[in-house]
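Dear colleague,

I am handing over the structure below, and my notes on it follow. Please read them with the model open beside you.

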Amino acid sequence: MDEAAQHLRLKPGMGIADARAMYPAIEVVAEDPAADRRLLEALADWCDRYTPLVALDGTDGLFLDVTGCAHLFGGEEALLDGMLASFFEQGFRTRAALGPTPGAAWAAARFSLPGKVLQEGEERSFLESLPLFVLRLGPETIASLESVGLRTVGSILAVPRAPLARRFGAMLLLRLDQALGEVEEAVSPRLPVPVLSVERHLAEPIGLVEDIERLVPMLARSLKRDLERRGEGARLFELLLFRVDGAVSRIAARASLPLREPALIYRLFRERLAALGAALEPGYGFDLVRLSAFETAALDTLQADLDGKAAVADEDVALFSDRVRARLGRTAMLTPLLVESHLPERAASFVPADGEPPAKKAPAAPRKNVDFSPSRRAPERPLRLLSRPEPIDVPVTEIPEGPPLNFRWRRAMHRVARAEGPERVAPEWWLHGKPEVKADENEKDEEEREAKREKAEREAVAAETARMTRDYFRVEDTDGHRFWIYREGLYRKDAAPRWYLQGVSA
């Protein structure tokens, strides 16, 4: 219901047919809770200009913890007046109040004039005459209280607490104590709170990317002073651009190493802004720009060389990868990660290069009398591994464990001139689970039935292992090309093994 409908004495929950019977020309629009939620979240983003501690309150309200922030806007009254004026300019009719507790502020925003400021100690006198609705209780609890004549907060304050708790539950007293400030009520922000933030209010809105780029080094210099005092650098930055019409643009940039030099931070966001291009819509311009650091880490000062330069061996590579990922996305730079797997195609995976390196396990103590001669080293692997093994056609082979005499791959026949192997790789049986095998239920002896079931399971595991066992061969054809092929499974009466090509050596 809008304000005009309220003046017509219509009420929420009234049937549409009843409302149209009273006013045939009334306009009815279908409710869209998802759109209302998105709008409320957009307003919460815009309220980040006042405080990072912004929480949603149901479907029509916001909680802002402005402790320590009011002086930045000229005081509490000036903050509220400016907030109400900004919402009005955006086309919203809002009610706002400020109080020493969230419960008192919630009540003042709904049962007082807009812009009400409650001072410390005024909660009790303000709440006494208000209905029980201001305590944010459930409708059942309010109905039960009203049935015994308790209709205002003051009437509850005049009743002993013990009978109230026994009859109406502990939530009633908790809400009352929270509103009066006797029990602390925390405001849970909807977004993570940055470790450090610096911002600049602009007298005139800006809309050009060049103007935004010029502001980034200025903000980074202010952020550097705070980081130096903490002895830290930042790895995750976020640039917030507040538009005058209420929209907020968030631009994040991640660094592989902790940074605090303004020039390096500027390079990251220059690439991010260049990647966004036309996607960054300035609208009527941005009047507030904020730079925040969300993840920080210790950053030790390095001893400079005689030429005044202090660089880490991998720093240039890290800065280059940061700029590439800032422009092309997080997955543009990947790093290989070893995986504990017997199968070559699963022995390594690629992860984004900006992540923290995985925790390394402590190396095991070397065993005594271990032969590290060249003959005992790991076998050779081809220079190129296929992303996925490709099947090959093997018409003739040496049975049972010999290499093929020739094979066809990608429509080309290769005659084997030399071969080395096999190198057997057992399957990862623990990844395939235990096969379910049922014993004969007609057996009367429980021990005999269990023994048969275990035997059947062992045979099933052995069959599965034989089916997935790989025998690798390094072969060279008559043209000098070298391949790495394998046979999956063993020769059996009921099934023949399959052959695949895994890699190419030359």
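**Overall fold and contacts**

In the protein chain, 55% of the contacts with a separation of 6 or more are accounted for by residues 24 or more positions apart, where contact means heavy atoms within 4.5 Å. This is a predicted model, in which local features need pLDDT of at least 70 and side-chain atom pairs count only at pLDDT 80 or more, while totals for chains, interfaces and linings use all residues. Residues are numbered from 1 along each chain as its sequence is written, and side-chain values use heavy atoms, with hydrogens and water left out.

The secondary structure of the protein chain comes to 14 helices and 16 strands, taken as DSSP runs numbered from the N terminus (helices H or I, at least four residues; strands E, at least two). Of the 506 residues in the protein chain, 36% are buried, a term that means under 20% relative accessible area, with exposed over 50% and partly exposed in between (1.4 Å probe, protein chains only).

**Aromatic pairs**

The structure holds 12 aromatic pairs, counted where the ring centres of Phe, Tyr or Trp (its six-membered ring) lie within 6.5 Å, with planes under 30 degrees apart called stacked, over 60 edge-to-face and the rest tilted. One of them is the tilted pair of tyrosine 50 and phenylalanine 73, at 5.2 Å centre to centre and with 50 degrees between the planes. This pair links distant parts of the chain, 23 residues apart, since tyrosine 50 sits in the loop between helix 3 (33-46) and strand 1 (54-57) and phenylalanine 73 in the loop between strand 2 (61-64) and helix 4 (76-89). Tyrosine 50 counts as buried because its relative accessibility is 8%, whereas phenylalanine 73, with a relative accessible area of 21%, is partly exposed.

A tilted pair is also formed by tyrosine 472 and tyrosine 486, at 4.8 Å centre to centre and 40 degrees between the planes; it joins strand 14 (residues 470-477), which holds tyrosine 472, to strand 15 (residues 482-488), which holds tyrosine 486. Both tyrosine 472 and tyrosine 486 are buried. Finally, ring pairs link Trp46, Tyr50, Phe73, Phe87 and Phe92 into a cluster.

**Cavity**

There is 1 cavity of 30 Å³ or more, a cavity being a set of points on a 1 Å grid over the protein atoms alone where a 1.4 Å probe fits but cannot get out, with lining residues having an atom within 4 Å of a point. The largest cavity holds about 40 Å³ of space, the volume being that filled by probe spheres set on the points, which are joined across faces, edges and corners. Its lining consists of Leu264, Arg267, Leu268, Leu319, Asp322 and Arg323, and helix 12 (262-276) and helix 13 (315-328) each supply at least two residues of it.

With kind regards

Note on methods
1 Å grid on protein atoms, 1.4 Å probe; cavity = no way out; pocket = protein on both sides within 12 Å on 5 of 7 lines; lining within 4 Å.
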